[in-house]
Amino acid sequence: MSDNNNEVLRVEDLTVYYELEEETVKAVNDISFTLDRGETIGLVGETGAGKTTTALALLRLVPDPPGVIKSGKITVCGNDMLEVPVQKLEEIRGKDIAMIFQDPMTSLNPVFTVGEQIAESIEIHEKLGKHEAYEKALDMLEMVGIPRERGAEYPHQFSGGMKQRVVIAIALACQPQLLIADEPTTALDVTIQAQVLDLIKNLKDRQGTSVIMITHDLGIVAETCDKVAVMYAGRIIETGTLDDVFNYTLHPYTEGLFNSLPNINDRKAELKPIHGLMPDPTNLPPGCAFEPRCEYACEACKTQLPELVNFSGTHKAACLRYAEEGFHIARGKKHE
Amino acid sequence: MAKKQQQPKLDANGERKQRSQAGEAWHRMKKDRGAMLGLVVVSIIILVALLANVLLDYDEDVIGMHTKERLQSPNAKHLLGTDEYGRDILFRILYGARYSLSVGLVAVAIALTIGVTLGAIAGYNGGAVEEVIMRFTDIFSSVPNMLMALVVVSALGQSMLNLMIAIGVTSVPQFVRITRATVLTVRNQEYVESARAIGLSTPKIIVSHILPNSLSPIIVQTTLRVASAIISASSLSFLGLGIPAPNPEWGSMLSGGRKFIRDYPYMTLYPGLAIMITVLSLNLLGDGLRDALDPKLKN
Amino acid sequence: MSKTMIEVQNLTKYFKTPKGMLHAVDGVNFTIDEGKTLGVVGESGCGKSTTGRCILRLIEPTDGKVFFEGQDVTAMSSRQLHDMRQKMQIIFQDPFSSLDPRKTVAQTIQEPMIEFKIVPKDQLHAKTRELMDMVGLAGRLINTYPHELDGGRRQRIGVARAISLNPKFIVCDEPVSALDVSIQAQILNLLKELQRDLGLTYMFITHDLSVVNHFSDDIAVMYLGQLVEKAPAEELFANPIHPYTQALLSAIPIPEVGGPKRERILLKGEITSPVNLPDECRFAKRCNYSCEACRQSDPKLVEIVPGHFVACHRMNEFINH
C-alpha cells in the first residue's frame, strides 16, 4: 500500500536481536506499524519492552555488534532504510528523520556553543555557508523559545529544560518529516515537561512533522498522541487510536498498566499492580509473553503465541482469550 | 537492558548458596584466558623463587666461578649457557627471581601502606588535610621516578633494602591518587548515607563500606606496580646502583652481558626474557583482576 | 485529635558555595501526626530532599528545630542521636546506589539489626526471612547480591532494611520514581500495607503529583526552599490557592481520553538559582499574577481555613474565585 502518499513511515515485521556470546536477547519481535504525515504515535511500554531498540532500528543505529536486525523492512519517506547505502543513510538521518534522546545532559557536546551545534547539522544537510547556517541556527533557537543571544553560550550554561529545547532545535533544524522523541521529558520537572510537550506539539502543528513519542507515561500519550502502540517483551500487543486504546481497552497488559496508575480524581481507589516481572528477553516463553502475569490466562496462552487481531478498523490486540465468545477484560467499553 | 535471569543453586532451605565476593570474582576470572595464563606463570615464578635456595647451592651453583666452563653456548649441561666466569645462566636466572620478586613485593608493600593511608585520609576528610596531602603528592610526582630513585640510593647507599625503599617511595603518589579518587566516589554513594542513617560510626562505615568498595582498583594497581617495580629494580641494577655483584639480579646480569652481546647474545637475551615474561604475566593478571573484581559486570 | 509525631520549626539549611549562600531550605514549618503521611512535592532543587535529611540529621541544619514526639532532635548529642536512629529511618530514591554492591541481601538487611542488637544472633536468620517475607522478597534470594536483582526487588531490600529496626517514622525520598509503573504500584501498595500494619508515619517526598495525591493525607508544596502551600490532599487538589500549586496541578498529564478539556497553566521560565536570594516572593519571576507587592517582600505562610496554609500576597483574590 505504498501508494499512500501521506505515509511517512512503514515498519513491517521488524525483528531485532542482540546476539551476545552466551545468549540472544530478543529485543524486538516481529513488529509492524505505519505513520502518516502529521500524525503522532505513542510507543508505550516498560523498561526492556523494546521501545528504544525499535527507535534505533528506524535510524539504523542499533549498536552492531551485538545488535542484529534479523528481518523486516523499514521505509522512511520512500527510502528502504535497511537497503540504502551508508552515504545516503547519513543524508536521511537529520534531514528526513531525527531523534531526541532522553537525557539532554549527555546529548550535547560540551566544547561547542549551542549555536554551533545547531548550525553544524544545518550546514551538512542544507549545504549552506557557515554564516547562513549560524543565522538559521539562531532562528531555530528563537523558535524553541530561547533568545538569539544565548546561541553563543555553552551547554553547561543552560538548565535541563533549556538543554532539552536546544536538543529539539537541533533535531528540527532541517525540518525532518519524522521526529523520534525517546522519553523527551523523563529527566525534566513537571512544569518544564509541560513547556516542552507544548513546544513539540506546536512545532508539529506548524511544520506537519510526524512524531514517534516513546514513553512509559500514559498521561503524556493521552495529551500528545493520535495513535498508540503498547509494547510488551518486544512485541506490539495492542494498537489503535487514542480512543480505542484508552476507552475500548482490550489487552490485559494495557489494563494492568492503567490499574497501576494512581487515579487523580479518586485518591482512595486502590492500585492494582501487575504481579511479577517482565520475562527474560533471552528466554521468552513459547506462548504469550504476558501469560505468567496475566489474571485472565488460560491453558492455551502457555503454548500458543497470540497474533494481532483486528477488532475494529483501527484497533488491534494480541490476546487469545478473545477467541471465546463474549470474553472481555474488566476495563474498557466493547466495540459495537 | 536485558535482565539476566538467575538459575541459582538452591540449598536445603530453598536459599541460594552463599558465594563470597572473592568466589564470585574467581568465577569470573576463570573465564579470562589471559588472566589465567598470567596467574599460572606468576605462580610458577613465585614457586621458583621460594624453592631456589633449596634446590641450588648459592656458593657453588650461583656465584661459584668455573673458569673452564666460561662462555659456553647453550648445551645439554648448561641449558642456557654460561657467562664469562663459567656460571650457569639458568641457575642464576632462577635464583635471580628471589631478588626481583622480593624487591617488587617489598617496594610495593611500602608504597601501598603509605599511599593508601594518605589517600584514604585525603579522600574521606577533604578540606585542608586533603589539600596538603595532594599538593605534596603533586610535588613528589613531578620529579622523574628514575631520578628520584637514583637520589635515594645515592643518599642511603647501595643495598637491597635501600633499593626497595627507593622504588617504594617513588610509587607512593600513584597509590595516594588512586585511593583518594575511589574513596571520594564511594564516600558520596547513597549506601554510605544509608549506613549513617542506621547509626553506624565513621570508623565502622570506613571499614565495612568504604574500604571494601575501594579495594578493587587498589588491588589492580598493586599488581601492575609490582611489574614496574621489577623493571625499576632491574634498571637501577643495570646502572650499577641496584643489588651489588655478584648477586644474580636480572638487571645486573643484563648489564654484565652487554660487553659480550656481539658474540654471546644469549647472555643478555635470557635475563631480558625473564624480566619480560614476569612483567607481562603480572600485567595480564592485573588486567584480569580489574575485570573480575567489578561486580557490576555481567557474568 | 491524634498525637503529633514530627514538628519542624523554622528549619533552615544554607550551603556555602563559591557564588554565595545557597538557600536549600529556608524557614520551613510543619507537623506530621502519628500514623499519617505528609507528601512533600516540588521540582528538583526545591529543597524537599534536604528537608527530609535535616529532620534525620543526616545533614546538620543551619537553624531551626525538629521535634520527634516532643524531643528536640537538633539538640541531641551524638549518643542520643544514635539511639534515635532506631525510631527514624529513610528509604532512598535510587535502588541502585543505595545498596552496598559488596553486601548480600542478608547482610544488608541484618546490618541495622546487628548495630542495635534487635534480636539475638541465633535468631538473626529467621528474623531476616520474616522481614523478606513482609516486603515480598522470595527467601531464596537471601544470599544474592544487589546487582543480580531488578530495581523493584532492590527497593524492597531498602524497605526491609528500614523497617528492620521497628521505626515509627520513615522518610521516603522518591522511593518509586526510578521504577516502572507496574513495579511502582507494587511498592506503593507495600508501603501502604506496612503503614497500616505497623502504624508508621511517613514523610513522602516526590515530584509525582498523582502519586502524592494517592499516597498522602496532607500535601506540602515547596518552591525554592520554602513551603508555599500545605493542605489536606483532597482540599489541595480541589481548591489550590497558590499560583505555583495551580500550575503544578494543571501540568499533570492525565491518562484519560475524551474527558473534559483542562486549562493548562504554562509557567514562564524555569526555577531560579537559590543562591543569594533577594527579599521578594521567590515565585514572582515565573508567576502569571505577580504584582508590585510580590517584588517588595516575601509572603508569609498563613492559615486560611483550618489545615490549609498558603504563602502568597494575592491569595485573597484567588480564594474568592
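Which residues of S8(C) are buried on one side, and which on the other?

Mentor: This is a predicted model, in which local features need pLDDT of at least 70, side-chain atom pairs count only at pLDDT 80 or more, and totals for chains, interfaces and linings use all residues. Residues are numbered from 1 along each chain as its sequence is written, while chains are lettered from A and ligands numbered from 1 in the order in which they are written.

On one side of S8(C), C:Thr201, C:Met203 and C:Ile205 are buried, and on the other C:Tyr202, C:Phe204 and C:Thr206. Buried means that 20 or more other C-beta atoms, placed from the backbone, lie within 10 Å of the residue's own. Strands here are DSSP runs (E, at least two residues), and helices are runs of H or I with at least four, numbered from the N terminus. In a regular strand the side chains alternate between the two faces of the sheet. Because 6 of the 6 residues of S8 (residues 201–206) of chain C are buried, the strand is largely enclosed by the rest of the structure.

S8(C) pairs in the parallel sense with strand S3 (residues 37–41) of chain C over 5 bridges; pairing requires that DSSP finds at least two bridges between the strands. There, C:Leu38 has C:Met203 as its bridge partner. Strand S7 (residues 169–173) of chain C also pairs with S8(C) in the parallel sense, over 5 bridges, and C:Ile170 has C:Tyr202 as its bridge partner.

Note on methods: Buried ≥ 20, exposed ≤ 12 C-beta atoms within 10 Å, placed from the backbone.
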